[in-house]
Amino acid sequence: PDFVMSGALLRAVYFASQKHRDQRRKDPAASPYINHPVEVAYILWFEGGVRDEAVLVGAVLHDTVEDTDTSLEEVARVFGETVCGYVDEVSDDTSLSRKERKAAQLEHAAHISQGARLIKLGDKISNVRDIVRAAPKGWSDARCAEYFNWCKAVVDRMRGTNAHLEAAFDTVYQEHIGDF
Ligand code: NDP
Ligand code: ZN
């Protein structure tokens, strides 16, 4: 019974798959983008023990507003205000420069809701694991290391959110920061 998928979660997977349909990840194989938000929700369920449906739906949708034509209004209309709030909290302000966005994310991590922190933890775990699987195209070792350290700084701002997820991040970080 723990494995029964809710209609809302299936709707989110379908919605995200349509929204990200033409996008690819930055790995050399240019994997389908949807693999990542699905993995984030999977990590929350199987490694974090997260069972809150709005958080899991938010995880599946977490990059739709930042990276596709999806608006927060559309997310609110289809998935409700709670999910919309999570997606809003984990979306960078794309009008800012890359440097400003990184600084803003670090600053916000300490102040966002518990649900948004769970999504952010899953996102960072998925992204560092992706880099371990294969460095993004064109990234030097130094850039990979810088990204790892920035993720760690964000995670450090969210300590006390979920011990399993924090430990999962720390494991990848400790085992692989020396690779770069
Ligand atoms: P980016 O923000 O450009 O790229 C990282 C983001 O790409 C992730 O957060 C993830 O976001 C997404 N992504 C897509 N595919 C992958 C994948 N296969 N693996 C991991 N992430 C993926 O990186 P940064 O700006 O953070 O750059 C990293 C560091 O490098 C920074 O410290 C920066 O200052 C430095 N830098 C160096 C440059 C150089 O040429 N040396 C140039 C620019 C920056 P999502 O979850 O939203 O998909
Ligand atoms: Zn993401």
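Let's start with A30: is this residue buried, exposed or partly exposed? It counts as partly exposed, because its relative accessibility is 33%. The cut-offs are simple: buried means under 20% relative accessible area, exposed means over 50%, and partly exposed lies in between, with a 1.4 Å probe and protein chains only. A30 sits in the loop between α1, residues 7–19, and α2, residues 35–46. Helices here are DSSP runs of H or I with at least four residues, strands are E runs of at least two, and both are numbered from the N terminus. Look at the backbone of A30 too. Its phi is positive, about 50°, although A30 is not a glycine.

Now some ground rules. This is a predicted model, where local features need pLDDT of at least 70 and side-chain atom pairs count only at pLDDT 80 or more, while totals for chains, interfaces and linings use all residues. Residues are numbered from 1 along each chain as its sequence is written, chains are lettered from A and ligands numbered from 1 in the order in which they are written, and side-chain values use heavy atoms, with hydrogens and water left out.

Stay in that loop between α1 and α2, where R25 also has its place. R25 is buried, because its relative accessible area is 17%. What does its side chain touch? A polar contact of 2.6 Å joins the side chains of R25 and N127. A polar contact is a pair of N or O atoms within 3.5 Å; within protein, one must be able to donate a hydrogen and the other to accept it, and residues adjacent in sequence count only if both atoms are side-chain atoms.

Next, the metal. Which residues coordinate the zinc ion, ligand 2? They are H36 and H62, each through NE2, and D63 and D123, each through OD. The distances run from 2.1 to 2.3 Å. Donors are N, O and S atoms within 2.8 Å of the metal, or 3.2 Å for Na, K and Ca; water is not among the atoms, so sites may look incomplete. Along the sequence, the zinc donors follow the spacing H-x25-H-D-x59-D.

D123 is found in helix α8. D123 is buried as well, because its relative accessibility is 12%.

D63 takes us to ligand 1. A polar side-chain atom of D63 lies 3.2 Å from an oxygen atom of ligand 1. R98 has a side-chain N or O atom 2.7 Å from an oxygen atom of that ligand. How much of ligand 1 does the protein cover? It covers 75% of the 910 Å² of accessible area that ligand 1 has on its own. Those areas come from the Shrake-Rupley method with a 1.4 Å probe; for residues, only the protein chains shown count as cover.

Which elements give two or more residues to the shell around ligand 1? They are α4 (64–67), α7 (98–109), α8 (114–133) and α9 (141–156). The largest share, four residues, comes from α8. In total, 19 residues surround ligand 1, where being near means having a heavy atom within 4 Å. The closest are Y33, R98, K102, E146 and Y147.

G48 is in the loop between α2 and α3. G48 is buried, because its relative accessible area is 9%.

Then L56, in helix α3, residues 53–61. L56 counts as buried, because its relative accessibility is 4%. L165 is 109 residues away along the chain, and the two C-alpha atoms are separated by 14 Å.

Last, N149 in helix α9. N149 is partly exposed, because its relative accessible area is 36%. Between N149 and Q174, 25 residues apart along the chain, the C-alpha separation is 11 Å.
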